[in-house]
Amino acid sequence: YLIRGERSLLIDTGFRWASCRLAMERQLEELKVDRDRMDIFATHLHSDHVGLAAELLRPGCRLFIGEIDGPGVEDYMDDDCWRDLYAEYVKDGFTWEEIDHLWDSNPAQEAAPDVWAQYRYLKDGDVLSYGGHELRCILTPGHTPGHMCLYGEEPRWLFSGDHVLFHITPNICRWQSMPDALGSYLESLEKLRGLPAERLLPGHRKETGDLDTRIGQLEEHHRHRPHEVLDIVGTAPG
């Protein structure tokens, strides 16, 4: 998403892939965006949201990301971080052959930024001003430890990143810094309940809808899913 004004704000960037880079460059050129006055806000650390950030950023421009997820982007640039993570996967039952395949094919690893600079870390409640709008940062951990949404109270916009999606259920996985990532996610959903958002702008696809209705659907999904998993494990012991 792009909010235009005296300074523009680009919200999330796409993978560091040639196809994403070409699409982004074409769109920015078509919109005649002043690249020297364009800042970037990343909703979270995943490479499909920050991959192009460093190369899109011009001198004097700023890259905003939450103070919890920001250091994680730098970790993703370190091969030792991935070796440690993949070793944990092997402990959980994956084979080293599967891990070797991941090393060359995991976009979270190979399409992440290769440099990371000019960033500013944000806290829950911080406010950004772009296009005549005040945009409040809302910390919503779960999908990542420091995922952030952006809320504009006057236009009633909610940039929900990957916290609230409409075509799929956001992926909730294991994080060392979150003992109960799913519990954190459900708490973050409740944090948004009742928020007067009339225009929802999710991180993937064009699908959108009513915020409270979708929160209820996501909570219902996670009430049923653990029982499905337990049933599957129960019918295939070992």
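I started at one pairing: Leu135 stands opposite Gly152 in β8. The model is a predicted one, where local features need pLDDT of at least 70, side-chain atom pairs count only at pLDDT 80 or more, and totals for chains, interfaces and linings use all residues. Residues are numbered from 1 along each chain as its sequence is written, and side-chain values use heavy atoms, with hydrogens and water left out.

**Entry 1**

I noted how strands and helices are named. Strands (E, at least two residues) and helices (H or I, at least four) are DSSP runs, numbered from the N terminus. Two strands pair if DSSP finds at least two bridges between them.

I looked up β7 and β8 next. Strand β7 covers residues 133-139 and strand β8 covers residues 148-152. They pair in the antiparallel sense over five bridges. Cys137 has Leu150 in β8 as its bridge partner.

Then I turned to β9, residues 157-161. β8 and β9 pair in the antiparallel sense over three bridges. Here Leu150 stands opposite Phe159 in β9. β8 and β9 form a hairpin with four residues between them. In the turn, Arg156 has a positive phi of about 60 degrees.

How many residues of β8 are buried? Five of the five are, so β8 is largely enclosed by the rest of the structure. Buried means under 20% relative accessible area, exposed means over 50%, and partly exposed lies in between (1.4 Å probe, protein chains only). I checked both faces. Met148, Leu150 and Gly152 lie on one side, Cys149 and Tyr151 on the other, and all are buried.

**Entry 2**

I followed the strand order. Five strands form an open sheet in the order β6-β7-β8-β9-β10, with mixed pairing. β6 and β10 (199-202) are the edge strands, and each pairs on one side only. Neighbouring strands of this sheet are turned by 25 degrees against each other on average, direction ignored. Axes here are lines fitted to C-alpha atoms, for helices over the stretch in contact, and angles run from 0 to 180 degrees between N-to-C directions.

**Entry 3: Gly125**

Where is Gly125? I found Gly125 in the loop between β5 and β6 (127-130). Gly125 is partly exposed, with a relative accessible area of 38%. Leaving aside its neighbours within four places in sequence, Gly125 is in contact (heavy atoms within 4.5 Å) with Arg136 and Cys137. I also checked Leu139. Gly125 and Leu139 are 14 residues apart in sequence and 7.8 Å apart in space, C-alpha to C-alpha.

**Entry 4: the other sheet**

I moved to the strands β1 to β5. Five strands form an open sheet in the order β1-β2-β3-β4-β5, and the pairing is mixed. β1 (2-3) and β5 (119-122) stand at the edges, each with a single partner strand, so one side of each is left without a neighbour in the sheet.

I went through the pairs in order. Two bridges join β1 to β2, which run antiparallel. Ile3 stands opposite Leu9 in β2. β1 and β2 form a hairpin with four residues between them. β2 and β3 run parallel and are joined by four bridges. Ile11 has Phe41 in β3 as its bridge partner. β3 (residues 38-42) and β4 (residues 63-66) run parallel, joined by three bridges. Ile40 stands opposite Leu63 in β4.

**Entry 5: Ser8**

Is Ser8 buried or exposed? At 8% relative accessibility, Ser8 counts as buried. Ser8 is found in strand β2 (residues 8-11). Ser8 and Leu10 point one way from β2, Leu9 and Ile11 point the other way, and all are buried. Beyond its neighbours within four places in sequence, Ser8 has contacts that include Leu2, Val33, Met38 and Tyr130.

**Entry 6: helices α8 and α9**

Last, I looked at two helices. The axes of α8 (residues 181-192) and α9 (residues 211-235) come within 10 Å and cross at roughly 160 degrees. α8 and α9 are therefore roughly antiparallel to each other. The cut-offs are: under 35 degrees roughly parallel, over 145 roughly antiparallel, 65 to 115 roughly perpendicular, and the rest oblique. Among the residues that meet are Leu182 and Tyr185 in α8, and Ile215 and His222 in α9.
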